[in-house]
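Work through the exercises below with the sequence and the coordinates open. Each task is followed by a solution in steps.

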Amino acid sequence: MRVDQFTGKVSEAKADAVIVGVGRREKGQAGELTDAAKEVNAASDGVVERVIAGEKFEGNVGQTLVLYGVGGVTAPVVVLTGVGEIKKAGAREAFRAAGAAAMAISTKPRKQVVLALGTELSSGAAEAAVA
């Protein structure tokens with residue numbers, strides 16, 4: 001498997017799918033957007049926030065929501081994946097979140113997927129996510 005570092009705006013990534021992290025808040029509240037999810041939300045005129053509120057997406061580790069054809073986003077598929085509590089999320093949570101997101105879109109071959117869980121996650125989280 002080949003893993004490359006992505007730099008740039010997630011919403012402009014020329015990929016088959018983009019995966020962004022959503023953190024957990026209080027039980028029953030919509031998830032908290034990571035910086036990557038905020039960028040996709042801004043590009044889509046608030047679609048991400050509206051969807052997580054409407055779907056009651058809480059951002060629990062392993063929770064996923066697949067969105068298709070999100071306006072303002074180049075990739076045809078956007079995956080929201082729960083990373084748990086953002087300030088406490090580390091390697092374990094990143095690994096589980098990335099795995100859940102990969103399973104959510106595994107029904108179709110994808111050549112390139114951008115994983116952007118959020119820079120707020122603890123050191124080592126990104127490396128663990130692709131291990």
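**Exercise 1. Strand β4**

Task: Determine which residues of β4 point one way and which the other way, and whether they are buried or exposed.

Solution. The model is a predicted one.

Step 1. Sort the side chains by direction. Val77, Val79, Thr81 and Val83 point one way from β4, while Val78, Leu80, Gly82 and Gly84 point the other way. In a regular strand, side chains alternate between the two faces of the sheet.

Step 2. Check burial on each side. The residues of both sets are all buried. Because eight of the eight residues of β4 are buried, the strand is largely enclosed by the rest of the structure.

Step 3. Find the paired strands. β1 and β4 run parallel and are joined by six bridges; Val18 has Val78 as its bridge partner in β4. β3 and β4 run antiparallel, with five bridges between them. Here Thr64 has Thr81 as its bridge partner in β4.

**Exercise 2. The nonpolar cores**

Task: State how many residues the largest nonpolar core has and which of them have the most contacts inside it.

Solution. 

Step 1. Take the size and the centre of the contact list. The largest nonpolar core has 22 residues, and those with the most contacts inside it are Val10, Val18, Val20, Val40, Val73, Val78 and Leu80.

Step 2. Assign the core to elements. β1, α1, α2, β3, β4 and β5 each give two or more residues to this core.

Step 3. Follow one member. With neighbours within four places in sequence left aside, Val78 is in contact with Val18, Val20, Val40, Leu65, Val66, Leu67, Val70 and Val73.

Step 4. Another core, of 13 residues, lies apart from the largest one; among its members are Ala17, Ala89, Ala94 and Leu117.

**Exercise 3. Helix α1 and the residue after it**

Task: Identify the buried residues of α1 and the elements against which they pack.

Solution. 

Step 1. List the buried positions. In α1 these are Ala36, Ala37, Val40 and Asn41.

Step 2. The four cover an arc of only 135 degrees, so they lie on the same side of α1.

Step 3. Name the packing partners. The buried residues of α1 pack against β1, β2, α2, β4 and β5.

Step 4. Inspect what follows the helix. After α1 comes Asp45, with a positive phi near 55 degrees. Asp45 sits in the loop between α1 and α2, and its relative accessible area of 66% makes it exposed. Most residues other than glycine have a negative phi.

Step 5. Compare another such residue. Lys56 is not a glycine either, yet has a positive phi of about 55 degrees. Lys56 lies in the loop between α2 and β3 and counts as exposed at 58% relative accessibility.

**Exercise 4. A buried serine**

Task: Find the residue whose side chain makes a polar contact with the side chain of Ser11, and decide whether Ser11 is buried or exposed.

Solution. 

Step 1. Locate the residue. Ser11 belongs to the segment before β1.

Step 2. Apply the burial cut-off. Buried means under 20% relative accessible area; Ser11 has 3%, so it is buried.

Step 3. Collect the neighbours. The side chain of Ser11 makes a polar contact of 2.5 Å with the side chain of Glu39. Beyond four places in sequence, Ser11 touches Glu39, Val40, Ala43, Gly72, Val73 and Thr74.

**Exercise 5. Salt bridges**

Task: Count the salt bridges and say which residues they join into one network.

Solution. 

Step 1. Count. With a nitrogen-to-oxygen cut-off of 4 Å, there are two salt bridges.

Step 2. Describe the Arg24 pair. Arg24 and Glu85 form a salt bridge with closest N and O atoms 3.7 Å apart. This pair links distant parts of the chain, 61 residues apart: Arg24 is in the loop between β1 and β2, and Glu85 in the loop between β4 and α3. Arg24 is partly exposed at 33%, and Glu85 is likewise partly exposed at 33%.

Step 3. Describe the Lys88 pair. Lys88 forms a salt bridge with Glu85, the closest N and O atoms being 4.0 Å apart. Lys88 is exposed, with a relative accessible area of 62%.

Step 4. Through shared partners, the salt bridges join Arg24, Glu85 and Lys88 into one network.

Note on methods. Residues numbered from 1 in each chain as written. Predicted model: local features only at pLDDT ≥ 70, side-chain atom pairs only at ≥ 80, totals over all residues. Heavy atoms only, no water. Buried < 20%, exposed > 50% of the residue type's maximum accessible area, 1.4 Å probe, protein only. Polar contact = N/O pair within 3.5 Å; in protein donor to acceptor, adjacent residues only side chain to side chain. Contact = heavy atoms within 4.5 Å. Salt bridge = Lys/Arg side-chain N within 4 Å of Asp/Glu carboxyl O. Arc of directions from axis to C-beta. Core = buried A, V, L, I, M, F, W, Y, C linked by side-chain atoms within 4.5 Å. Pairing = 2+ DSSP bridges.
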